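This report covers two parts of one protein chain. Please look at the sequence and the structure first.

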Amino acid sequence: MAKVKAFLSYARGNDKTKRVTQFKEHLESFVEELSGKDFSIFQDDQIEVGELWEKRIFKELDEASVLIAVMTPTFFQRKWCMDEVRLFMDRHETAGTVPAVLPIYWIKTDQVENPDSLGAHPIAARIKSHQYDDWRSLFRNSMGSDEVRKKLIDLAEKVDHALDRSGLLASVSTPTVSISPATLPVSAPTPSKPRKPRKAAVVPPTRRRTTVSSKPAPAPPPPAVVFSKPKVFSPPLTIEDYKAQMISIPAGEFIRGDDSISDAKPQSKIQLSAFSIGIVPVTVGMYKEFCREKKLKMPEAPDFDPKWEQETHPMVNVTWDDAKLYATENGLLLPSEAQWERAARGTDGREYPWEGGWNPELLHWHEHKDKYGGGTAPVGSYPDGKSVEGVLDMAGNVWEWCKDWYQEDWYAKAAKNDPPGPEGGEYRVLRGGSWRNNDPANFRCAYRDWSRPGIRYNIGGFRLVSPGPLS
C-alpha cells in the first residue's frame with residue numbers, strides 16, 4: 001500500500017511544550033484507524049542532522065496530499081510558514097485542483113478574527129477561504145480526555161474525506177495501476193477502500209458504535225481527472241537541475257536604462273533576441289560538483305560558511321574568469337548587461353523586479369542578513385520578489401557578474417539591437433546588489449556596478465544564460 005502524506009505547517013515557538021507534536025501524533029493514528037490508509041503527517045522535526053533543510057521541506061510539500069496549518073499569531077508572523085502554505089496552494093491551483101488545506105484554529109489570532117487585517121496578510125486570506133477546525137478551547141486539554149478524543153475523531157474524518165477528494169490520492173488509490181499519476185486513465189473511477197475496524201483502545205466505544213451503525217458507506221468518488229503535477233521550486237545542486245529550471249525570455253523590445261542614474265542614461269528602447277536565463281544564481285552545490293569533476297580546488301570559503309556546507313546558497317568568492325570558465329565548460333554563457341536587465345525588469349521599465357516601488361521584504365539585503373547567519377540566503381528564499389518573467393533573486397543576495405566590460409557612458413554609444421558590451425576595459429559589470437548592501441538604490445534594475453575581474457568577493461556570484469529559447 002502506497003503511503004499517503006500530509007504536511008504540518010506550524011510555528012515552532014508554539015510547540016515548546018510539545019502540544020502540537022502530540023496533536024499531530026494522535027491525529028495521525030486516528031486517521032490510519034479510520035481510513036485504513038497508510039498515512040503519515042510530516043513535521044519538520046523529522047529532518048535529520050546534516051540533511052538539507054530547504055530541500056526536504058520542498059520535497060515533502062511536493063508529495064503532500066493535504067496541508068494542516070496550525071493557526072496562531074506566531075504562525076502568521078513566520079515567513080517560512082507563509083511560504084509553505086503559498087507553495088502548497090500554488091501547486092494545486094496551477095494544476096487545476098482544489099488544494100486540500102485544513103486550518104486548525106489553535107490560539108486566538110487577529111488575522112482570523114479581524115477581516116480588515118487580511119489585506120495586509122494575503123496568505124491569511126487564502127487560508128481563511130478554507131473552513132477551519134476550532135481548537136481554541138481544547139488545545140491545553142489532555143489528548144487522552146474524552147472531549148479531545150471525540151474532537152480528534154471528527155477531525156480525522158475530515159482529513160480522510162480530504163484525502164478521498166484529493167487529486168493526488170487518485171494516483172495511489174487504484175491497486176491495478178502504477179503509482180505514477182500519468183498512468184491513471186482520465187476516465188477510470190477511483191474505488192473507495194475498505195476501512196479497517198477501529199480499535200477500542202483508540203476510539204471511545206460510544207462513538208465507535210454510533211459511527212459504525214449510522215454512517216452510510218461513502219459513495220465512490222467521481223472519475224479522477226489527472227493533471228501533470230507541477231514541481232515546487234527546489235534550489236539546483238547540479239548543472240542538469242539548473243538547465244532544467246532555466247526560464248525562456250522571448251525576443252522583443254524592452255526599456256533599458258534610467259535617466260536618474262548617471263551611468264545608466266539615456267533610457268532607451270532596446271531590441272533583444274530570445275534567450276534563456278537561470279532562475280537563480282549558480283549554487284555552492286553546483287560549483288562543488290564542478291570542482292570535483294574537473295579536479296579543481298574550491299576558492300577560499302567565506303566566514304559565514306567556512307566549510308562550504310551551505311549548498312543551496314549562491315556561490316561566492318569567484319572571479320569573473322572563474323564564472324566564465326564554469327559557463328563555458330557547461331555550454332552556457334554569462335549574461336550580457338542587456339540580457340540581465342531585460343530578465344530583471346521585463347518590458348515595462350519597472351524600477352525593481354517586482355511590481356511597485358521599494359519593498360524591503362522582497363529581497364535578501366543588509367536588514368535580513370542575520371536571518372541566515374550573517375551572509376547569503378538560500379537561493380529563491382524571496383519568491384514574492386521575482387521578476388515579471390519569474391526569475392528569482394534579481395535583487396539582493398549576491399552581485400552577479402555580467403559578460404560586459406564596464407564603460408560609464410556606454411549606453412549613449414551602444415547599438416539598439418542586441419547591444420554588445422565595449423571591446424575592452426579595466427572593469428567588468430556587476431548587477432543586482434547583495435546581502436551586505438543597505439541602500440535601496442543598489443537594487444534597482446538599472447543600477448550598474450563594476451569591479452576588477454580578478455577580485456573575489458563574499459558578496460559576488462553569477463548566473464548563466466543560453467542563447468535562444470528553451471527547447
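## Basis

This is a predicted model, in which local features need pLDDT of at least 70, side-chain atom pairs count only at pLDDT 80 or more, and totals for chains, interfaces and linings use all residues. Residues are numbered from 1 along each chain as its sequence is written, and side-chain values use heavy atoms, with hydrogens and water left out.

Helices (H or I, at least four residues) and strands (E, at least two) are DSSP runs, numbered from the N terminus.

## The β-α-β unit

Strand 1 (residues 4–9) and strand 2 pair in the parallel sense over four bridges; pairing requires at least two DSSP bridges between the strands. Valine 4 has phenylalanine 39 of strand 2 as its bridge partner.

With helix 1 (residues 19–35), the two strands form a right-handed β-α-β unit: with the strands pointing away from the viewer, the path from the first strand over the helix to the second runs clockwise. Strand 2 (residues 39–42) is covered on both faces, with Phe39 and Ile41 buried on one side and Ser40 and Phe42 buried on the other. Buried means under 20% relative accessible area, exposed over 50%, and partly exposed in between (1.4 Å probe, protein chains only).

## Helix 11

The buried residues in helix 11 (residues 320–329) include Trp320, Asp322, Ala323, Tyr326 and Ala327. Seen down the axis, the buried residues of helix 11 fall within an arc of 165°, so they line one face of the helix; the arc is that of the directions from the helix axis to the C-beta atoms. They pack against helix 9 (239–244), helix 10 (284–294), strand 10 (399–405) and strand 11 (428–431), where contact means heavy atoms within 4.5 Å.
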